Structure formats: C-alpha cells, structure tokens
Amino acid sequence: MTYLIIGASSGLGRELANKFAKEKNDLIISSRDERDLKAIRSDLEIKYKINVKCIALDFTSINEIDSKIFTENFPFDQIKGVLFPVGMMFEKDNPLLDSESMQKLLNSNFLSISYTIKKFEKYLASGKNFSIIGFGSVSGFLGRKINSIYAASKRALESYFESLAFDENFKNFNIQFYTLGYLDTNLSFGKDLKLPKGSILTLSKIVFKNREVNFKKTFFPKYWALIYLIIKVLPVSIIRKFSAIINK
Amino acid sequence: MKKQYTKEKKNSSFDKSISLNIFYTKPDKYKLLEDISFNSEKIINIGSNLSYSPLGFSKESLSMDIRKFNRILEFDLKEKLIKVEAGLTFHELLNFTLKHNLWIPQLPGYPSITIGGAVAANSHGKSCAIHGSIRKSIKSILLFHKNHGWMNLSDKENKEIFDLTVGGIGLTGTIVSVTFKLLKIESHTFTTKKFITKNIDECKKIILKESDQSAFIYSWNRADDLKNFGKGLVYKNEINNCLIDFKEFPKFKNKFSPFFIPLWNKISIKMINIIFFYFNQITKPIKDEDFIKVIFPFYGKEKYFNFFGKKGFIESQLLIDEMKFDAFMEEFKILYTKFKPTITLFSIKNMSGKQKFVRFEDNKLCITFDYINSNKNLLFMSKIDNLYNKYEILPSIIKDSRISKETFNKTYKYSYDFKNKLKEFDKYRVYQSEISKRLEI
C-alpha cells in the first residue's frame with residue numbers, strides 16, 4: 001500500500017512520512033527541494049525496507065501538479081491515501097498583500113489541495129477505503145491582521161473538507177481533517193507563544209491510527225476545541241476590543 | 001541579531017563553567033541551513049551540547065543546531081560503509097549498525113552525542129589504545145561553509161580541509177554528513193575482568209601489560225586522600241564470542257539536571273570511593289556486561305554530574321608519555337599535599353594516534369581528573385598547568401574549559417599551523433566558538 005504525502009520534507013510532513021514508513025507502507029513524498037526528499041527517501045528505505053518515490057514540485061503551481069503527479073506513470077492503482085501536511089506562510093501577509101503573493105498563498109494552502117483531490121476522484125472512481133487527510137489551522141477561526149490570506153485559505157480548506165463529507169461522490173472515501181494549533185515545528189520556532197505546542201510525533205501517531213476512519217474532524221492539540229467554542233460564542237465586537245487591549 | 005528561525009536562550013557548557021545568552025537556530029531543510037548561514041555573520045555548530053567546554057556557542061555567533069539532520073543516507077553492507085547526517089546520535093547510529101553486527105569502535109562517552117560533534121572533537125572512546133580516535137573510521141565528510149558552499153572532503157578531495165575538519169572543533173564550517181568505514185563486531189556483550197591495584201605504579205603496569213589488540217583497558221583510581229592515592233581498579237573489557245540477536249536500545253534521554261546544592265565534597269567523595277572500592281573487591285572479578293554499560297558508562301549514572309550542582313565541575317584530561325608518567329605523578333602528589341584539591345574522578349587509559357593541529361591524540365597515556373569547581377581547585381590546576389611543558393603533556397581543550405591561551409600555545413605545537421591554514425581557508429573566520437575566541441584560534 002502506498003500513501004502520497006504532499007509537503008513531506010519537514011515538520012509534520014516528515015514525521016508523517018516516518019510514521020507511515022515505520023508501519024511498512026510505501027510512500028510517494030513530495031516537496032519543493034529534491035535534496036530533502038532524497039535524504040528522507042534514503043533514510044526510510046534503509047531503515048524500514050520500503051519503497052519511497054520522490055516528486056520535487058512547487059505545489060503553488062497547478063501546472064506542476066498536473067505534469068508531475070497526474071502522469072501516465074503515476075501508480076494510481078497502488079495509492080491508498082493522500083495526505084496534505086502542506087502550507088505556506090509569508091511574514092508580510094496581511095489583507096493588503098500583493099496579488100502575486102496572495103495567489104501563491106491561496107494555491108498552496110487551498111486551491112492546489114482541492115485541485116489535487118478533484119483529480120484523484122477522477123482516477124479513483126470507487127474510492128473505497130481511500131483516505132484524504134487535510135490539515136487546517138486555528139488561524140482560520142477568525143479574521144486577523146497578520147497572516148490574513150493564510151488564515152482565509154485555511155478556513156476555505158476546512159469548509160472544502162466538510163463539503164467532501166457531504167458529497168455523494170466521496171461517500172466511500174475516508175475524509176479526515178485536523179485543525180492544528182501550535183506545533184513543535186520550525187514555523188513556531190523562536191516565537192513567543194502563550195500556549196503550549198503540540199508534538200508532531202504524537203499527531204503523526206493519531207493520524208496513522210485514524211487513517212481508515214470514514215469521517216473525522218478534530219483539533220490538535222485538543223485544548224483548541226475549547227478556544228474555538230469560546231471564539232464562536234463571543235460576538236466579534238467583543239473579541240476586537242479584547243484584541244485591541246492585548247495588542248496595546 | 002534576532003531573525004526568523006532564531007531564538008535567544010541561555011546556554012551553558014556541560015561542565016557549567018560558562019553560561020551565556022546566545023542566539024540559536026535549528027534548521028530542518030538544506031535550503032534553510034544555507035539561508036541561515038548566508039544571513040549570519042558568525043556561526044558555530046552545536047549538537048547535543050554535551051561538550052564539556054563551550055565549543056558549540058559564543059556570544060557573537062549564531063549556534064546552529066544540526067540535530068534535525070539525522071538521517072541515514074547510504075548503507076553498503078558488503079563494503080561496510082555508512083553515510084549519515086551529522087545530527088544523528090550514536091544511539092541512533094548503533095541501533096541501526098549493530099543489527100548488522102557492525103559498528104565504529106571510537107564511541108564517545110554518552111549515547112546522545114551527535115556524529116558531527118564527535119567528528120569535530122575527534123572523539124576517542126574506551127578503545128582508543130587499539131582503534132585510535134574517530135578520525136580512523138572517517139572516509140569522507142560533506143561540509144557546508146557560508147562562503148565556500150558545499151564541499152566534499154576526503155583523502156582524495158579537499159584533503160587539507162578534510163584534515164582541518166576532523167578534530168577541528170567545528171571551525172571549518174557545518175559538518176552536514178559523514179561516511180564511516182564500519183568494523184565487524186563479534187558480539188553485543190562484553191566480558192569484563194577487573195584487577196585490584198594498590199597504587200599508581202601498579203595500575204600503570206597492569207594497563208601496559210594487559211593491553212592487547214582486543215581489549216579496552218582503563219582504570220578507576222582513588223584521589224580522595226594522599227594515603228590511598230592511586231588505589232583502585234583496572235577494567236579490561238573484551239568482546240564476547242557468542243553472537244546473540246541485537247535488541248534495539250531504548251530511547252535515550254538526557255537526564256542532566258544539576259542539583260540546587262552541590263553534593264560532592266571531601267566527605268561524600270571519600271565515602272563513595274570506599275564503598276565502591278570495597279564493593280568491587282567482594283564481587284566477581286570476571287563478569288559479562290551489556291554493550292551500554294561498557295561503552296556508555298555514565299548512561300543511567302547522570303547523578304554523578306548532577307551532584308556537582310549549579311557551579312559544575314572541571315575535567316582535566318592529559319596525554320603524557322609513559323616514560324614521563326611516574327615523575328609527573330610524583331610532582332602531582334607534592335602539589336596535592338600542599339593544595340589538597342577535591343578530586344571526584346581519577347582514571348587512566350592508553351591512547352594511540354598522532355598529534356596534529358588541535359587534535360587531542362597521541363601514542364601516550366591519557367589521565368583524567370574531575371575537580372569540583374572551586375577557587376582552591378582552580379589554583380591547584382593552574383600549578384599543574386605549569387608542569388605541562390616540563391613533562392610534554394597535552395591537555396584537552398575539549399574537556400578542560402579553563403585552559404588559557406598561553407597554555408594552549410605552549411602545549412599544542414601544531415596549533416599555529418592549524419590557525420594559518422584555517423585563516424587561509426576562511427579569511428573572515430566565520431565559524432567561531434567561545435573556546436576558539438579565547439584561545440585565539
């Protein structure tokens with residue numbers, strides 16, 4: 001059985017690749033830099049005696065997705081699932097971000113993922129037991145002045161995964177979506193976070209365990225479920241005032 | 001200096017003698033390693049931060065932690081070659097190689113030490129009398145340098161930089177991966193024989209007599225008073241002949257956390273030494289021991305270091321010719337009588353190799369002393385420093401964080417050569433640690 005992991009070169013993606021390989025699954029791993037992919041491939045093949053293929057691709061480009069994943073040689077018949085621990089952030093991301101950067105953020109965090117899923121549906125007509133696993137962000141809970149486009153894309157992605165669960169075409173697929181808070185990856189490295197970070201090792205174990213559940217939508221770390229609830233209950237005007245006080 | 005992917009933190013040398021606020025980064029991709037290096041003026045590499053002296057940090061350098069680069073890149077069972085990233089720990093390396101009954105014998109004293117750290121320090125394990133230092137097992141290195149980019153180093157390619165990098169205390173650039181020539185290991189267990197010794201002279205004789213091509217020999221000696229000085233045990237570890245299936249070592253965790261109050265003092269050291277010595281006298285002289293206990297003797301005994309408290313300790317490791325050993329020890333004892341230092345550990349082993357550049361390596365006896373970090377002990381150690389020239393002693397700058405520039409220049413005869421070649425290679429001297437700055441390397 002083979003899993004495709006998009007964004008496997010670092011952080012959660014690398015940890016997922018390690019976990020799925022340890023459980024003796026073949027992998028197709030993808031990310032931008034071929035050097036990281038090759039290092040991961042060697043490591044996993046040597047340690048776990050599995051087969052790993054690398055696809056170096058820029059996931060912000062729909063053309064590259066078509067030309068590097070959806071090719072004649074791609075082993076669609078062997079694929080058991082696809083995971084999207086992928087994302088992009090820009091330090092300058094705000095509501096007035098330039099359109100080129102905005103497009104990149106939208107693509108890597110939302111459009112490229114939904115495009116890939118749509119294409120997979122075509123190749124996997126029955127979809128029986130095929131897993132589609134997405135990862136959102138708690139930044140999508142509410143609008144924000146920094147990482148605005150990233151947050152908007154992640155909220156769109158969450159909505160898209162919910163839609164998959166309602167869609168008749170995907171009824172045989174296993175659809176899972178994890179809304180992620182702070183994780184112990186380089187994205188949070190050196191940042192003064194007020195709340196504890198979740199372990200990507202723990203998360204990878206949870207994702208693997210749930211991989212064949214028909215539908216799953218959850219938070220990681222779990223305490224974000226409570227924060228989500230509070231944010232959804234409180235009027236936005238109160239949150240804005242509270243935010244202004246904190247930022248003073 | 002604060003940039004993306006960096007953070008400020010307080011860092012201490014393992015012996016706790018130096019603590020500084022440093023900038024720290026931990027890249028996890030090749031591109032990030034390159035970008036961070038290009039954007040930093042001064043850099044130094046850090047692994048598990050278990051080096052006794054401050055080799056992995058400095059106030060002005062960005063400490064680049066390479067532990068995310070911990071993958072096995074190539075493995076050739078037939079040729080007994082393995083290429084691994086420098087952030088891999090010895091625990092991870094051995095968990096893989098021992099399954100194939102292969103290893104490198106020059107293992108540093110703690111399992112969570114990284115490959116990069118061991119190469120930069122030219123580590124030598126218990127078997128250094130037979131196998132020399134880790135230099136002997138290295139086939140090639142992949143180095144990244146801010147100004148030179150990616151460089152393959154080996155005896156055939158960039159030989160001079162290869163030579164500078166092994167034991168070059170991380171000053172030539174970031175060691176990213178290393179290829180080792182592995183050796184076959186007959187078993188994962190050892191037979192340990194112990195010999196009781198009444199004094200230093202007897203201890204030295206046993207070490208030299210029992211040295212052969214298959215055993216690791218080292219001693220534990222008392223140094224808690226002059227009357228019992230040198231009394232102790234010599235251990236001889238031989239690899240067993242019976243090969244049993246290798247069971248992976250459990251996940252290692254650093255358990256180093258100094259106690260608030262130091263617990264080592266003259267009374268506690270004496271008590272522990274007496275108990276340890278007499279316990280060893282009444283127990284079997286020959287027994288089978290597992291790999292971890294023999295190779296990583298301090299794993300599970302981290303309390304020994306924690307007992308030094310927040311002020312820590314200072315380790316002095318000295319290489320001395322066996323012909324000069326007796327006279328040196330006599331003078332040592334005279335100074336001991338006068339200054340009454342508090343020594344927690346005293347050990348002797350044999351070493352083989354060739355001294356060059358800033359490497360701690362030679363065909364000599366290797367003596368180790370651990371001292372409580374106190375003014376009285378520092379004064380005693382400074383008096384011992386004065387004997388280095390007379391007895392042609394080489395002190396370890398990896399272990400002893402207090403070595404002065406003057407002592408270093410006098411004892412490391414080839415250090416000028418190292419400095420000149422390093423400056424020639426890197427005129428901006430990008431990679432600098434607290435030690436390299438103090439010793440003006």
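1. Asn221(B) faces Gly232(B) in β14(B). This is a predicted model: local features need pLDDT of at least 70, side-chain atom pairs count only at pLDDT 80 or more, and totals for chains, interfaces and linings use all residues. Residues are numbered from 1 along each chain as its sequence is written, while chains are lettered from A and ligands numbered from 1 in the order written.

2. Strand β13 (residues 215–221) of chain B pairs antiparallel with β14(B) over 7 bridges. Strands here are DSSP runs (E, at least two residues), numbered from the N terminus. Pairing requires at least two DSSP bridges between two strands.

3. β14 (residues 232–239) of chain B also runs antiparallel to β12 (residues 189–197) of chain B, with 8 bridges joining them. Lys194(B) stands opposite Tyr235(B) in β14(B).

4. Of the 8 residues of β14(B), 6 are buried, so the strand is largely enclosed by the rest of the structure. Buried means 20 or more other C-beta atoms within 10 Å of the residue's own, with C-beta atoms placed from the backbone.

5. The open sheet in chain B has 8 strands, ordered β15-β12-β14-β13-β17-β18-β16-β19, with antiparallel pairing. β15 (286–290) and β19 (394–395) of chain B each have a single partner strand, so one side of each lacks a neighbour in the sheet.

6. On confidence: chain B averages a pLDDT (the predictor's per-residue confidence, from 0 to 100) of 95, and 99% of the residues score at least 70. The model scores ipTM 0.93 and pTM 0.94.

How values were computed. Helices (H or I, at least four residues) and strands (E, at least two) are DSSP runs, numbered from the N terminus. A residue is buried if 20 or more other C-beta atoms lie within 10 Å of its own, exposed if 12 or fewer, and partly exposed in between; C-beta atoms are placed from the backbone.
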